[in-house]
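Reader: Hey, I've just opened this one and I'm new to it. Can you walk me through it?

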Amino acid sequence: MTPLLLSAYTASTCLGRGLDATRAALLAGRSGLAPCAFETVQLDTWIGEVAGVDEQILPAALQHYDCRNNRLALLGLQTDGFDQAVRAAINRHGRQRVGIFVGTSTSGILQTELAYRRRDPITGALPDDFNYRCTHNSFSLAEFTRDYFALEGMAMAVSTACSSSAKVFAAAARQLALGTIDAAIVGGVDTLCLTTLYGFASLELTSNRPCRPYDAARNGISIGEGAAFALLERADAATAGAVLLLGTGESSDAYHMSAPHPEGLGARMAMDAALRSAGLAADDIGYINLHGTATPANDAAEGKAVAALFGDRVPCSSTKGATGHTLGAAGAVEAVICAQALTDGFLPGSPGTELLDPAITIDYRLRTSPGTPRRALSNSFGFGGSNCSLIFGVAP
Amino acid sequence: MSVSTNTPLTAWIEGIGFIAPGLPDWPSARTVLRGEQPLLPAPSVLPIPALLPPAERRRASRLIKVALAVGLEAAAHAGADVATLATVFAASGADGHNCHALCEQLASDDRQISPTRFHNSVHNAAAGYWGIATRAMAPCQVICAYDAGFGAGLIDALGQVVVDGQPTLLIAYDSEYPQPLHAKRPLPDVAGVALLLAPARSERSLACISVTATSSTADTLTDPALEALRNGIPALRALPLLARLARGETGSVCLDYLPPMQLGITVQPC
């Protein structure tokens, strides 16, 4: 593919709001995970909650979108000057020429979960103030973003579970290549809710401690939440040092709804496709941000796929011990972490991981260290066997 | 502001799949859309997803069944090998009945939900089951755009056809919610539309379509029963296009997408 410029980007997770807080936490090897005290949830697990989400007040004209997910979306859009960068792009290109491609797994479903506690005792009806379209529906995030910027062009939500906000980069890149748009808001927002907390617990996939990606004793995920966005434009005017999207690769496991292909076949196909798309070889990659959820199955399968393609020659880590697994936001959050590794010259470590799984033969980095990766690959895999790998680089 | 270039996206349709209330497959829909038979009111009929292993077949929701059925019909119509096809799934929601059961349980004193209910709750459940059924390891996209799902799916599918140069199967489908969510999102029944889109003309091609953004008003259908379907179920916003394909007419149609942006489509039968 023709490289695309990330002309602005931002991420907010339990590590803090924005690029500075994220970078400081990554450099310090700090985790944002804490014992679960979300809403009325009673589970023995750790979570990555973003501070101040419910203090966000949506603009008066957009109140019908009010829910935790869109509050976090607003927080994300108003961080690191991202909304100003988008408005400048709209001025350059026009309201119909800036597309929206955002990923989420559960959107504002928390709003429905809460509404079900307030059903009419006689009729069973949901309360009048509950707005399905603007909160629960997966498109709510995209429609909120479209209305927030008064855009008039194409918009879609991608919802492929935990690969959602990686796949948005590929979808946006296609439309930019076709010339149907001149800029794209890509990103992902997912927020804590009962469905995912109790759901992952029902599958026995949540850990009772902070998650330990690639650890020999790893025993499950820590669920997080996050908002991350990037503005993609053509790279004609990219200045030296700017971050570029170089390649995208997508595949399907075609194996199981909630377990990865045991040999990581789909994961390997996605990474291969991303390398092909970028016109690069395995040795051109200087850092891999792994999907690394810390479930026994994911890390074993992904580790096999990475070892098969990259051997132990490329520094790798999962940053989910720092951020938690932000599910549908993970692809975009980790894209921003890759961008920071490239621009700020470091290789992120893996808070929480202590003793590496000896069966996985890759160059897994426990501690953050200085480094000068020129190209970084990020993996995101989701339920239903949905895989996406992205490659980012620095403009020469 | 830069000069707006409105690039047309072009592909060849090689196969069509269809299920809607009273219209159990594409041949029957084609007859009604040509005006040769009236649309008789009847609930949607869903075939048993025979390709799925027994466990998945038992767990398959109405939403999964409709997606698999129309996708397989379109692929069979085109004589395509489903195991090789890239796919784009577009639905306005995940399985409504499963969602209702989860929300009801999460509002009760016993929140220990079933793991199968949880993994079936994801928006991409039908896509996951499709992969298990067809063994297709090609890229698989899953989109939500509320009422604009067909248009959003078509845009992304055409992107894959034109940029990646690969045949892509678009499957747009929707299913109803039970009460009390039905009152908030009143979809009447389950329905689905599938189009197998190819980057070049072949002996299988049915028609060439070219899609551009427009601000025109969407076409409606003169038959009130068909127009009610177009309006009532998001995937069936495709009906004006399908009507033209059924009649084998050259010309253009406008489909509802995301106001003020609509999709203008020129259709050239092969």
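Reader: Which strands pair up across the two chains, and which way do they run?
Author: Strand 6 of chain A, residues 155-158, is joined to strand 3 of chain B by two bridges, and the two strands run antiparallel. Keep in mind that this is a predicted model.

Reader: OK, and what's the bridge partner of A:Ala157 over there?
Author: A:Ala157 has B:Cys144 as its bridge partner in strand 3 of chain B.

Reader: How many residues are in contact between the chains?
Author: On the chain B side there are 57 residues, in contact with 59 residues of chain A. Several elements of chain B each supply at least two residues of the side that touches chain A: helix 4 (96-106), helix 5 (115-120), helix 6 (125-134), strand 3 (140-144), helix 7 (149-164) and helix 8 (181-184).

Reader: Which of those gives the largest share?
Author: Helix 7 of chain B, with seven residues of the side that touches chain A.

Reader: And what kinds of residues are on that side, nonpolar, polar or charged?
Author: On the side of chain B that touches chain A, 34 residues are nonpolar, 17 are polar and six are charged.

Reader: Let's zoom out. What's chain B built from?
Author: Chain B has ten helices and eight strands. Its radius of gyration is 18 Å, close to the 18 Å that the globule rule gives for 270 residues, so chain B is as compact as a globular protein of that length. Along the principal axes, the C-alpha trace of chain B spans about 60 × 50 × 40 Å.

Reader: How much of chain B is buried?
Author: Buried residues account for 57% of the 270 residues in chain B. As for its contacts, take those between residues at least 6 apart in sequence: 71% of them join residues at least 24 apart.

Reader: Switching to chain A: which residues of helix 1 are buried?
Author: In helix 1 of chain A, residues 18-28, the buried ones are A:Leu19, A:Thr22, A:Arg23, A:Ala25 and A:Leu26. They cover an arc of only 165 degrees around the axis, so they sit on the same side of helix 1 of chain A.

Reader: What covers them?
Author: The cover for the buried residues of helix 1 of chain A includes strand 1 (4-13), strand 2 (16-17), helix 11 (320-323) and helix 12 (330-344), which belong to chain A too.

Reader: And what's on the face turned away from the buried side?
Author: That face of helix 1 of chain A carries the exposed residues A:Asp20 and A:Ala24.

Reader: Last one: what follows helix 1 of chain A?
Author: A:Gly29 follows helix 1 of chain A, and its phi is positive, near 70 degrees.

Terms used. Residues are numbered from 1 along each chain as its sequence is written. Chains are lettered from A and ligands numbered from 1 in the order in which they are written. This is a predicted model: local features need pLDDT of at least 70, side-chain atom pairs count only at pLDDT 80 or more; totals for chains, interfaces and linings use all residues. Two residues are in contact if their C-beta atoms, placed from the backbone, lie within 7 Å. Helices (H or I, at least four residues) and strands (E, at least two) are DSSP runs, numbered from the N terminus. Ala, Val, Leu, Ile, Met, Phe, Trp, Tyr, Cys and Pro count as nonpolar, Asp, Glu, Lys and Arg as charged, and the others, Gly among them, as polar. Two strands pair if DSSP finds at least two bridges between them. The radius of gyration is taken over C-alpha atoms; the globule rule is 2.2 Å times the number of residues to the power 0.38. A residue is buried if 20 or more other C-beta atoms lie within 10 Å of its own, exposed if 12 or fewer, and partly exposed in between; C-beta atoms are placed from the backbone. The arc is that of the directions from the helix axis to the C-beta atoms.
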